[in-house]
Amino acid sequence: MEPEIITAGLDGSPESLAAAHWAADEADRRQSVLRLLHAWILLAAEAPDTPPDRDRNAGARQLVRRARDEVQERHPGLRIVEDLVGSEAEDALLRAAAASDLLVLGSRALGVWESYVLGDVSLDVVGRARGPVVLVRAGDRAATPGHDRESGSTPGHDARVVVGLGLRVPCERLLAFAFDAAASRGVPLQAVHGRPLPLHAYTPWGLDPDAEKELTKEAEAEMSEALRPWCERFPGVPVQQTVLPESPTRALVQTVFGAELLVVGRRLHRPLLAPRVGPVAHAALHHVACPVAVVPDD
């Protein structure tokens with residue numbers, strides 16, 4: 001059986017190096033192969049015996065090898081494949097995503113709110129990849145537990161994987177990814193669903209508590225039904241259900257603090273003029289501090 005491949009895209013930035021470390025932690029945990037990919041349209045085709053002083057790709061090779069050396073020091077037994085691709089970065093990353101089990105990219109944070117600043121390439125790759133893509137900031141290299149905790153230590157009381165769950169769209173791949181992530185990390189899974197209150201819940205004298213209670217009870221029942229087969233499949237994963245009378249984006253942003261990973265879904269086939277990344281995934285990528293996994297589903 002061929003091992004899984006986890007690909008980290010490198011561009012020389014601290015964010016891409018953080019992505020490489022996160023991907024290495026994940027590959028080590030899964031016993032997968034780590035592929036370090038650097039794509040540049042100006043890479044030259046050269047013979048294998050090209051002398052070092054005439055190697056026009058020396059800078060690109062050094063970039064990948066520097067990342068490899070750092071990762072290898074932390075994971076000496078990890079199998080690592082170096083890959084230089086003479087192509088536009090977006091095309092190369094999309095091909096890598098199709099050939100990998102997971103693609104990991106870095107994202108820059110800027111300003112006091114530390115919002116994601118996604119370049120066109122990253123956002124397009126997230127929106128077009130047919131497999132899961134994880135976005136990691138600089139400083140998130142220790143986000144995969146099991147490698148940085150002291151031996152025998154247990155996760156903190158807030159350690160968990162959070163999944164944003166829509167109950168009107170397919171979620172099989174989303175829940176499979178989220179439950180597996182929680183199980184392999186030995187942490188609980190928190191399923192979050194936001195559902196805005198209907199117009200009739202708002203009265204001239206304030207919010208109708210009965211309408212809010214009815215909506216919450218209905219959503220909790222739907223969530224329990226959606227999660228039931230996965231709880232049976234992963235009996236060792238504690239599951240917390242959170243339903244908030246808010247928009248899905250606000251519900252996620254309010255509840256994800258302290259999580260080790262946020263998992264959100266993306267429609268694989270969207271209407272022609274619709275954005276490739278929906279509002280929930282887009283908000284998560286811009287406003288959530290922990291690594292974010294975007295899982296396409298349909």
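Colleague: How many salt bridges does the structure hold?

Modeller: In general, side chains of opposite charge can pair when their charged atoms come close. The structure holds 16 salt bridges, a salt bridge being a side-chain nitrogen of Lys or Arg within 4 Å of a carboxyl oxygen of Asp or Glu. This is a predicted model, in which local features need pLDDT of at least 70 and side-chain atom pairs count only at pLDDT 80 or more, while totals for chains, interfaces and linings use all residues. Residues are numbered from 1 along each chain as its sequence is written, and side-chain values use heavy atoms, with hydrogens and water left out.

Colleague: Which residue forms a salt bridge with Glu-90?

Modeller: Glu-90 pairs with Arg-128, and their closest N and O atoms are 2.5 Å apart. Because Glu-90 lies in helix H3 (residues 89-99) and Arg-128 in helix H4 (residues 120-128), the pair ties together parts that are 38 residues apart in sequence; helices here are DSSP runs (H or I, at least four residues), numbered from the N terminus. Glu-90 is buried at 17% relative accessibility, whereas Arg-128 is partly exposed at 38%, where buried means under 20% relative accessible area, exposed over 50% and partly exposed in between, with a 1.4 Å probe and protein chains only.

Colleague: What separates Arg-30 and Glu-26 in helix H1?

Modeller: They are four residues apart, which means a separation of about one helical turn. Their salt bridge has its closest N and O atoms 3.2 Å apart, with Glu-26 buried at 2% and Arg-30 partly exposed at 21%.

Colleague: How should I read two helices that pack together?

Modeller: Two packed helices are described by the angle between their axes and the distance between the axes. Here the axes of H1 (residues 14-30) and H5 (residues 172-185) come within 11 Å and cross at roughly 80°, the axes being lines fitted to C-alpha atoms over the stretch in contact, with angles from 0 to 180 degrees between N-to-C directions. H1 is therefore roughly perpendicular to H5, a term that covers 65 to 115 degrees. The contact (heavy atoms within 4.5 Å) involves Trp-22, Glu-26, Arg-29 and Arg-30 of H1 and Phe-177, Ser-184 and Arg-185 of H5.

Colleague: What is the mean pLDDT of the chain?

Modeller: Where pLDDT, the predictor's confidence in each residue from 0 to 100, is low, the predicted coordinates should not be read in detail. The chain has a mean of 82, and 81% of its residues reach 70 or more, but pLDDT stays under 50 over residues 110-118 and over residues 141-153.

Key: Helices (H or I, at least four residues) and strands (E, at least two) are DSSP runs, numbered from the N terminus. Angles under 35 degrees count as roughly parallel, over 145 as roughly antiparallel, 65 to 115 as roughly perpendicular and the rest as oblique.
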